[in-house]
Amino acid sequence: ASFTVSLHKVDNTTVMIKVRPGVSSSCWILIKNGIKSELKIKPGENVTFSFTCSTPEKYFISEIQKNIDCVSGPCPFGDVHLYPPGLPRLNRTYIWDVKASTKAGLELKFSTPWLRQIEPGETCPDSISYNINSCIDKATVNIGTFCRNGSVSRVKLLGGVVMSLHLPWHSPLTTSGFNIANRASIKRLCIIESVLKGESSITLMSPNYPLGFPEDELMTWQFVIPSNMRASVFFHNYSLSNCERKEERVEYYIPGSPSNPEVFKLSDSQPANIAGSFNMSLQGCDQDAQNPGILRLLFQVIVQHPQVDENVTHLVDLSKERNMTVTIHLEGWPSRVPLTSEPMCLICKDPRSCDRVLTLASGAVYRISFLCKDLSRLRITAEKGISCMDIRWCQRKIYSLSVPKVITQLPIRLHKFIWKLLATDLINVEITSPSLKLQQHSKTVPEQRCNTSYSYSIVSASRETELNVGVFCPGGSIEKIQMRNNITISLTTFGKGFINESTRQDLKMSFVPHIKDECTFTVSPNPKAKVYLQTPNWPYGLPPYVSISWFIIVPSKQTARLGFSNDRMGISCETGRAFVNIKEEAPGAEETVRREDELLPQPRNMYHNFWLNVSNCKPVDNTQLTLQFWVTFADKQIDLGIILAVVAGAGVLTAIGLTVCCVKKKKKKTQNPMVGVYNANVNTQMPGKKGLFGKGRQTNESHVYAVIDDAVVYGHLLKESNGSVAPEVDVYQPFDGPIGSLPPSPPPFSFRKDIKRSSKTEEEPPPLMDTDQDNYTFAHQKPGQLEDNGDADEKDKRDTSVPLLENKKQDGLVE
């Protein structure tokens, strides 16, 4: 097909047909004189041409430019037409270059459906776009790029204008969609009018966005809004230039305001809940010539109906709180909220200060209201900091980790409450739940999944590592958790049930001195339940070289059954060794130790409170230490042999008592005086204390009796009445006293490669002193049993157990 383009000279229009950028053309323009790759048709020319291919739109674009002079001649007011007709179906760009004086600006008026401004790089759904540039002298300012179907109805510009319309080759559009309305002096860069009907949302940008608003310029947006609607302004992206003189600011002219214009900084919260139409102006400043900076602004205007409860205020009293913030936000925050055209939920500190996100700080009282049809879309996230820098000031304080009532009383669902517990390296955190106790959430054990309306996520963090202790909910068996480093506890709610359950919160926190392990759990299970416990950071594994302990409380009339969910730890160590240690808190209790390359203990009965410690190495091949164990309880069974032994022992005691009673009665009946036997070898001087281990029994001869009571003869029967046999000589026994609040610990990592273990390990006793080799005159005592004969030096002998205990402390076997 051939095309004929005829341009009148008075129209001052030029047509260019050019090769499409980035396309190597295999198609040519065929004219009477030959073929060309480009064609330019000037005013007054009449050209007929065709293409050598059937799809020229793939290879060529057309550009039609019309120059309009509104300075030296009359300005052609009215609709701007797409001229000339008969052009080929190519991607077309119409350019209208209108010259005008700065004393008489131009007004461009757009026909419905008006225009919508878009960000640079964004495309229009129908590929039809407008671009408006203002020309002041030789400077050009890009007012913006627009699509159809928007709210921008008019644009007034100072000086000339270059208006561009881009149409795709398949567009059926036959009109430009705008007209030159009139000329008017506006004394500012431009005025953009936006008409909003009904509930809607629009996004606008400052000229030259994002490159920067011209220096010391002023522009205005006029918003036409029905009087029965409410408008709110939100700044989403802005930056400031470096001003030498004046100050960058935003000015509002709001009909009925007592202080027009209202002046705001760009960093301020902008006006909200504005009734009816208003104007907003952006004022630049004189910039620093060496470092001008960039002034730019992207903002949103939301229009919605007045809310029925907009005058209902809610009191939020944070005056007594410290280091706490409360943020009310839309669901999904803090991710970027999309700039949609739908009305949003707004939170207001006062009738004109509203935002989609509102943060309230502690130490003040607020009265807030909501401009929102559906409050269920709003959420609350609160954060509170508790710190301790000196244990002397905060060791005895108990802090309640419960959500304040001022938050639960708001008609908005709490999403998360975060406590950040900060302390120095030598101060640790203890968390307790006295009445409810905590349950460790486990995805692998259905009966231990948290099904409550809220849960706690606990994370321990230092500068080197972060340990996710786990997710916990109320109604379990964990009474206490002690942790090192700084702790973050996040309460997260699920559903609406938290409002009712929040009254029963009992989580407490206190600061305690330094602990040995990264984390220690105190567990008091329900005697009728089966409790599963697992290592922190499940299922990703313990960090290298981390040690965790559990202290399991066993009721006095119960027997605990301990078992592991797997046979092995499931890791290989690159450096150091991994250990599992089990130790009952009872005298003489054996300590069971298993290494990572050994089988874990089979299920066993535990008759006393016991410790379980897990210590990690540095694993190889990205293997992770994840350990899970369980504890059940059963009533203790009474052995028939024990009952018979107790009965026999009672009979022996009865016989001894009768014998002693008869002897005493006989002595009383004879009325013979007690006979003293003089012994010349007895030392009658008061012994002086010469220091620890100063005297032995051979020295002071306190074991020689001058007066013998008959009852002493039978004393050994009383001592042996429990069925045990006293040893004939003193034998050193390892310290088997109560372990106390400290768990057993494996050897240090540097010595674990050479550790040798047995089912029961004992420390080699130190050499006995001379005082330990005394011969006793009468029946020997049991180890650890004291003899009260009133001799001061015997106290010295009893103190000999102290150095032995200290030696064990030095060896790391007793904590």
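**Contacts, strands and disulfides**

Trainee: Which residues does Thr-575 touch, not counting residues up to four places away in sequence?
Mentor: A contact here means heavy atoms within 4.5 Å. The model is predicted: local features need pLDDT of at least 70 and side-chain atom pairs count only at pLDDT 80 or more, while totals for chains, interfaces and linings use all residues. Residues are numbered from 1 along each chain as its sequence is written, and side-chain values use heavy atoms, with hydrogens and water left out. With neighbours up to four places away set aside, Thr-575 touches Tyr-545, Cys-617 and Lys-618.

Trainee: Is Thr-575 buried, partly exposed or exposed?
Mentor: Buried means under 20% relative accessible area and exposed over 50%, with partly exposed in between (1.4 Å probe, protein chains only). Thr-575 is found in strand 48, residues 573-575; strands are DSSP runs of E with at least two residues, numbered from the N terminus. Its relative accessible area is 35%, so Thr-575 is partly exposed.

Trainee: How many Å apart in space are Thr-575 and Pro-619, C-alpha to C-alpha?
Mentor: In sequence, 44 residues separate Thr-575 from Pro-619. In space, the C-alpha to C-alpha distance is 7.2 Å.

Trainee: Which residue in strand 51 does Ala-560 stand opposite?
Mentor: Strand 47 (residues 558-564) runs antiparallel to strand 51, and three bridges join them. Across this pairing, Ala-560 stands opposite Met-606.

Trainee: How many bridges join strand 1 to strand 6?
Mentor: Strand 1 covers residues 2-6 and strand 6 covers residues 46-51, and the two run antiparallel. One of the facing pairs sets Ser-2 opposite Ser-50. The number of bridges joining strand 1 to strand 6 is five.

Trainee: In strand 6, which residue is the bridge partner of Ile-29?
Mentor: Strand 3 (residues 29-31) also runs antiparallel to strand 6, joined by two bridges. The partner of Ile-29 in strand 6 is Phe-51.

Trainee: How many disulfides does the count come to?
Mentor: A disulfide is a pair of cysteine sulfur atoms within 2.5 Å. One of the pairs joins Cys-348 to Cys-354, with S to S 1.9 Å. By this rule the count comes to nine.

Trainee: Is the disulfide of Cys-124 and Cys-147 left-handed or right-handed, and how many residues apart in sequence are the parts that it ties together?
Mentor: The S to S distance between Cys-124 and Cys-147 is 1.8 Å. The torsion about their S-S bond is about -90°, so the disulfide is left-handed. Cys-124 lies in the loop between strand 11 (115-118) and strand 12 (129-136) and Cys-147 in strand 13 (residues 139-148), so the sequence separation of the parts tied together is 23 residues.

Trainee: Is the disulfide of Cys-348 and Cys-354 left-handed or right-handed?
Mentor: Cys-348 is buried at 1% relative accessibility, and Cys-354 is buried at 3%. The torsion about their S-S bond is about 105°, so the disulfide is right-handed.

Trainee: Does Cys-243 count as buried, partly exposed or exposed?
Mentor: Cys-243 is joined to Cys-285 by a disulfide with S to S 2.0 Å. Cys-285 counts as buried at 1% relative accessibility. For Cys-243 the relative accessibility is 33%, so Cys-243 counts as partly exposed.

Trainee: Leaving aside its neighbours within four places in sequence, which residues is Gln-287 in contact with?
Mentor: Gln-287 is found in strand 26 and, at 13% relative accessibility, counts as buried. Leaving aside neighbours within four places, its contacts are Phe-213, Glu-215, Ser-241, Asn-242, Cys-243, Glu-244, Pro-292 and Gly-293.

Definitions and conventions: Two strands pair if DSSP finds at least two bridges between them. Helices (H or I, at least four residues) and strands (E, at least two) are DSSP runs, numbered from the N terminus.
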